[in-house]
Amino acid sequence: METRPGTRPGILVRRFHTILRKRFGDYSRGVIVRAPGRVNLIGDHTDYNDGFVLPATIDRDVYVGVVEREDNRVQIYSLNFRDEIEYELGRQRGAPVSSWESYLTGAVEELRSRDLLPGGFGMLVYGNVPLGAGLSSSAALEVAAVYGLQSLFGFELPPVEAIRLSQQVEHRYVGVQCGIMDQFASYMGRRGHALFLDCRTLEHEHVPLPLSEAGLAIAIVDSRVARELARSKYSERLLECDRVVQTLQKVEPSVTALRDVSSAMLQEHRSLLEETLQRRARHVVDENQRVQRARDALLSGSYELFGRLMNESHESLRTLYEVSISELDHLVEAAQNSPGVLGARMTGGGFGGCTVNLVRRNAVAEFERHVMTTYAAEFGREPHVYILRQNHQMELLHSEP
Ligand code: GLA
């Protein structure tokens, strides 16, 4: 089943119905939901430091259809992988065989262990969020599964708990100690808005992102470099941040996360930290400042300033936090040299994946041509370019009866 971002949900819902019936037979109760992927506009490697982030949902989603079953069996079919798993609810499954499995069985197990699932179900899953590109296809999958099951069975689960539960799936079943940004963005992000999130208090604000009124587009460019180092380097950065906190805590007891460290404090206690750790901390401290300034810039329509902050963020991720790679640097530089580009940066965890670019609408075609040709000339393959004009939000598309 191929869908493009423009595909009308109505068409998709009909297709989903046909496939649900074919796979799971006639059912009396069923729902179809979708949850979007996200692109982080600014604020990377700040979420697990209790800091600030500013992601926006994209126009690519994971669709989940769920139908009730009479028995206790769980049957999940992935349309992307043409692969099915089936098991008895609550029975421990062995190590996952397919890459997509643990996100879903993990979410099911987390819900079951909270006594929220009254019985078995059939689930159909399809996504058009590019896989492995750092656009949170996995968070969208977890969130869509949780929301789908919640919509079908009608159990109480406040949004923040649903989000935390989805994050737990990554920690416990996938083995990635990620922050809360991706699941939060997918679940809470709103159409036409970016999401400003304080990852400590989880206070958040939907900041209008009036792209068409402002004559702007967000261009996401996928380097198509698989993020092989991403996991190990991600844990390495987590540990480094932790070491900074441990050290600074001895002289500043109020510090429980890098969020609590100010620029002046870092400067004062510099000598306590080895050089690499100073740079890691400097990135997080500055990036938190940038996210707050970027939020203000969006609110006041200062898009040039927003773009400059994006550029600064990339420079910091490249030189201080060291999570970029030459392909991403090349894409960012090419974008920054292209007319009508207000800002460009790598987005997400790094070590592959995408860049995010704020581009004037009338310059999008030229931008696309420019980054495609210069990247292909340097690396021998073309990047994928996605132009985001109108983002999505999580929604219940259909419920029956
Ligand atoms: C990954 C993680 C997020 C966040 C980013 C970096 O996407 O899943 O929690 O830490 O990296 O900002």
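**Exercise 1. Find the hairpin that E6 and E7 form, and say how many residues lie between the two strands.**

Step 1: E6 and E7 make a hairpin with five residues between them, and in the turn Leu202 has a positive phi of about 65 degrees. Strands here are DSSP runs (E, at least two residues) and helices are too (H or I, at least four), numbered from the N terminus. You're working with a predicted model, where local features need pLDDT of at least 70, side-chain atom pairs count only at pLDDT 80 or more, and totals for chains, interfaces and linings use all residues. Residues are numbered from 1 along each chain as its sequence is written, and side-chain values use heavy atoms, with hydrogens and water left out.

Step 2: Look at the pairing (DSSP must find at least two bridges between the strands). E6 runs antiparallel to E7 (residues 204-208) over five bridges, and Ala194 sits opposite Val207 in E7.

Step 3: Check the other partner. E2 (residues 52-68) also pairs with E6 in the antiparallel sense, over two bridges; Phe52 has Asp198 of E6 as its bridge partner.

**Exercise 2. Why is strand E6 largely enclosed by the rest of the structure?**

Step 1: Take the cut-offs: buried is under 20% relative accessible area, exposed is over 50%, and partly exposed is in between (1.4 Å probe, protein chains only).

Step 2: Apply them. Five of the six residues of E6 (residues 193-198) are buried, so the strand is largely enclosed.

**Exercise 3. Where in the chain do Arg345 and Glu287 lie, and are they buried or exposed?**

Step 1: Arg345 forms a salt bridge with Glu287 (a side-chain nitrogen of Lys or Arg within 4 Å of a carboxyl oxygen of Asp or Glu), with the closest N and O atoms 3.7 Å apart.

Step 2: This pair links distant parts of the chain: Arg345 is in strand E9 (residues 341-346) and Glu287 in helix H8 (residues 275-299), 58 residues apart.

Step 3: Both Arg345 and Glu287 are buried.
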